[in-house]
Amino acid sequence: MSFKCPACKKEWPTSLQVARHIFGTGDKAHRAWVESQGYSYIELLLAQTTEPGNKSYAILSELVEKAQATL
Amino acid sequence: MSTNKYKVINTRVHNIDGIAKVTGRATYTFDVKLPGMLYGKILRSPHPHAKILKIDTSKALELPGVKAVVTGKDTLGIKQGIWRRYEELCDEQILPLEKVRYIGEPVAAVAAVTEEIAEKALDLIDVEYEVLPAVFEPLDAIKKDAPVIHEGVERNINVTRHIEWGDVDDAFAEAEKDGYIREDWFKCGGQHHACMETRAAVSSYTPDGKLTVWTSTQSPYYHQALLAGVLGLREGDVRVIAPYVGGGFGGKFELDAAQFCSAVLSMKLCKPVKIVFTREEDMIASKRRTPMYYYVRTAVKKDGTFLARESRMFSNGGAYTGMGATALYLSGFFHSFPYKWRGYRYDGYRVYTNTMPSTSMRGFGAPQAVFCSEQQIEWICKDLGLDPFEVRRKNAHTEGYEVPGQAFIQSCGMKECIDKIEQWVKSKGKLPANRAIGVSSCGFMSGGIFNWFDTPYSFSSAVVTINYDGTVELHVGCQDIGQGSNTTMAIICAETLGVRVEDVKVHSGDTDHCPADLGAWGSRQTLMAGNAVKMAAEDAKRQLLEFAYAEMGMNIVYDLDIKDRWVHIVARPERGMPYFDLVKKALRGKDGQRIIGRGYYTPHRKGMISPAYSYMMQAVDAEVDPETGKITIHEIMTAHDCGQPINPLGLVGQLEGAASMALGYGYLEDMPFEDGKLMNPNLVDYKIIRATEMPETGMIEIDTYEPEGPYGAKEAGEGLTNPTAAALGNALFHALGIQMKELPITPERVLKALREKDEAKKQKKNT
Amino acid sequence: MEKYLLKLTVNGQEYEVYINPKTLLVEVIRDYLGFTGTKRGCETVSCGACTVTVNGKSVKSCSILAMQVDGMEIVTSEGLEKNGKLSPIQKAFLDHGAFQCGFCTSGMLMSATAFLDELNGRIPKKHEIKEAIEGNLCRCTGYNSIVRAIEAVAQGEYKEERQ
């Protein structure tokens, strides 16, 4: 099983790893993809920086999984 | 302890400003009085965010004794900032024209014959505001619907910084397979410089178009250039004089309202105007240490080898940029320090809010970064059952290491620091209940390489002039703010030239007579100004020795040097002549002209941060009362690598002083705001550590030689502020098993952590 | 408001000044008599930078009206030396580097002087020394060098100089 990053197509074994990668890279392309999914990159970033629980990664992870079908 | 090979360096010389300071002779800006001097007072905004609609100064002007009232309309309206190279970061009109952005921001200034009258006049100034919605926390300020603090700045994001090396995702992937990953969230508070001398300036503009400003400053040159810029004057027509300075700690090298308003008033009246901030003004309307939210995710191998770290940080920038861009970068860099990471990624975001601006303060973002890093490392060690000293040693920087794309590490005593502290901690044996020792490693820069001020001058310069009687005039631009730079430069000059400290007179603190120097911040002066002084003294000595070579006429294979006022053949030191005799001959030889030596230093190709780094490990022995949450610090021991110590009395002073300030940051000093208003702007409620609370502090000096520094020296001013909060947190972790993720560590937070720990235990029992 | 004729001895010299009755002692010392060694660092009687001695006792001069010390003997940091010869505590401060920016130093010296004089030759415990300067804030030194300096004098290290 492997998951592709919707923005740059890099592959990872889990959707969570893709999510972390999207977040960590934070460049225009990756941010744009997040926004295109109806989420604010900045709001997710804020939540990740200030709240324990990794909710942001979970949200992104789900989006990544959904996106696999169209990649 | 090796025997000292130097005559002056690393000897216990008295501070050369000591007599002035212990006899009440030292005058500060606070004391300056000029004939016909007027007193200025500043009217400040009561609102955190508001448009200035109208300012009516007519009634104030009518008050007998009031000579002038100025507002933004009386200025050139220039948006200034200390990051001159980047226009978008020059965002501050000290007397704003359109709106105010924090409670306490200046809106008008009055000059009157007495302070009392000036103060009365403030009440007579009518300001019509249109109050705007305000936002106080970076997390709120960044939301889509948050009020816009600076027009054109989207989401109030002031600056962003990104530091990355290696393949971070790869390293995390490896750790996910068979390593260990830990994630934590931290909140670090602000802190106030709280110098004993508040911000102060006396400006005197004279009919010849020249401005002289006496001010409490860390950098006369910066203030000369900044004032010239905002007032439309030539730098050469502005003279900045720093009388003795009552502390700086990072808060006094940017343009402040005392300097600006007194200058504007003086230029209007052609009379001297003095503005001294009250303690309350100083606390609400200057700039503070940057509060930071940190997210830290770290991956390690099961044996404790560090793999990667990914961190994100949001900082509360307050209303203006100040030195915030530097703090943003340095925090992210020193968050990786002093360890080797296969992969590292840091994203820092600085957000505007309607609160007092944040800026540099001793440690420059590193105390916050280290608080997070060093505690998490301790928790990882606990999680994996590893020895915290062993893990730190295993991953520590070593001599010759290159932090990829960031820094070249030359001298590095990190391993020795760890060894010494490990020995010390073990020697303490078992401590009583509720008491433990926590450790923290860190390091710091010795001055920065980046020319954000956009100066055309060398970063440091020095001139050595030798008088007929052998006394030496040393002109430097570096600024003594209490750390003893005058003494340090005298020591370096005396050692290099071969004379005694008492033969050297240091001239500093006057832009009319001293060369430009970036000033006292970023722990740069010992290395940068020290190198300039060494070069100048070497130049002077070389010129002087030309006459000795001629005089002594020895075989070409021999060379001369001067030590302790004795000019001699190095291989045959008994053969020589007194320095004083040589000076007289040299003067005659040069047609009555004094020998003048010049020196300067600007770092070239030294990486992204600094030419050299200090290293240290600190241990804090702390006890907690589990009933009240009150902390008692018993002892602090630091193993410290600052290369070659130059001024040993000064070094101990820096260690002890830094510890007192860092302890304050760790558990005493808090800056609570409510709706943008600082709730404790006085020295009763803002708790600075007192003599009765200060623990014993010891230092183990680690001997290294830094090739970049004068005689192998590097910094000892700020690095020592970095480890203490983390070491204290680690002490609490070992004493009570609590993880402190918020600074300062107040009794309330300790008790809360204990409660949460008990609840977690209960829940575990029930499952 | 009617002015008041204040008479005091400062650093061994008698002075007469006309003052507003509301005038604080620190204002007389600094602004009327020009002894600027004594400083001010707060408005809440918290920092101790204004400490002087009044008839030998250490007092925060911002906390009392000048009128309250009419006829008394005030000593400030400028009054510690005798014809250019430094007092033991000043020498100890130099030897131990017990100052940095120097803004709190005058106040520290006066708190130390009052404490040392009260000892009458008794050797104090370290915590007593710390309590003696508890009212003096220092942002630079971390206090330990100041305590060492006071301790050295208290232990008689500058005995010859006392005479």
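This is a predicted model: local features need pLDDT of at least 70, side-chain atom pairs count only at pLDDT 80 or more; totals for chains, interfaces and linings use all residues.

Residues are numbered from 1 along each chain as its sequence is written, while chains are lettered from A and ligands numbered from 1 in the order in which they are written.

**Chain C overall**

- Chain C has six helices and five strands, where helices (H or I, at least four residues) and strands (E, at least two) are DSSP runs numbered from the N terminus.
- Going along the sequence, the pattern of chain C reads β-β-α-β-β-β-α-α-α-α-α.
- Chain C is as compact as a globular protein of 163 residues, because its radius of gyration is 16 Å, close to the 15 Å from the globule rule (taken over C-alpha atoms; the rule is 2.2 Å times the number of residues to the power 0.38).
- Along the principal axes, the C-alpha atoms of chain C fill a box of roughly 50 × 35 × 25 Å.
- Of the 163 residues in chain C, 52% count as buried, meaning that 20 or more other C-beta atoms, placed from the backbone, lie within 10 Å of the residue's own.

**A helix pair in chain C**

- Helix H2 (residues 88-96) and helix H3 (residues 105-119) of chain C pack at about 125 degrees, with axes 10 Å apart; axes are lines fitted to C-alpha atoms over the stretch in contact, and angles run from 0 to 180 degrees between N-to-C directions.
- H2(C) and H3(C) are therefore oblique to each other (under 35 degrees is roughly parallel, over 145 roughly antiparallel, 65 to 115 roughly perpendicular, and the rest oblique).
- Ile89(C), Gln90(C) and Phe93(C) of H2(C) meet Leu109(C), Ala112(C), Thr113(C) and Leu116(C) of H3(C), with contact meaning C-beta atoms, placed from the backbone, within 7 Å.
- That contact has five nonpolar, two polar and no charged residues (Ala, Val, Leu, Ile, Met, Phe, Trp, Tyr, Cys and Pro are nonpolar, Asp, Glu, Lys and Arg charged, and the others, Gly among them, polar).

**Where chain B touches its neighbours**

- With chain C, 44 residues of chain B contact 41 residues of chain C.
- H16(B) gives the largest share of chain B's side there, eight residues.
- That side divides into 18 nonpolar, 19 polar and seven charged residues.
- With chain A, 18 residues of chain B contact 15 residues of chain A.
- Chain B's side facing chain A has 10 nonpolar, no polar and eight charged residues.

Technical notes
Two residues are in contact if their C-beta atoms, placed from the backbone, lie within 7 Å. A residue is buried if 20 or more other C-beta atoms lie within 10 Å of its own, exposed if 12 or fewer, and partly exposed in between; C-beta atoms are placed from the backbone.
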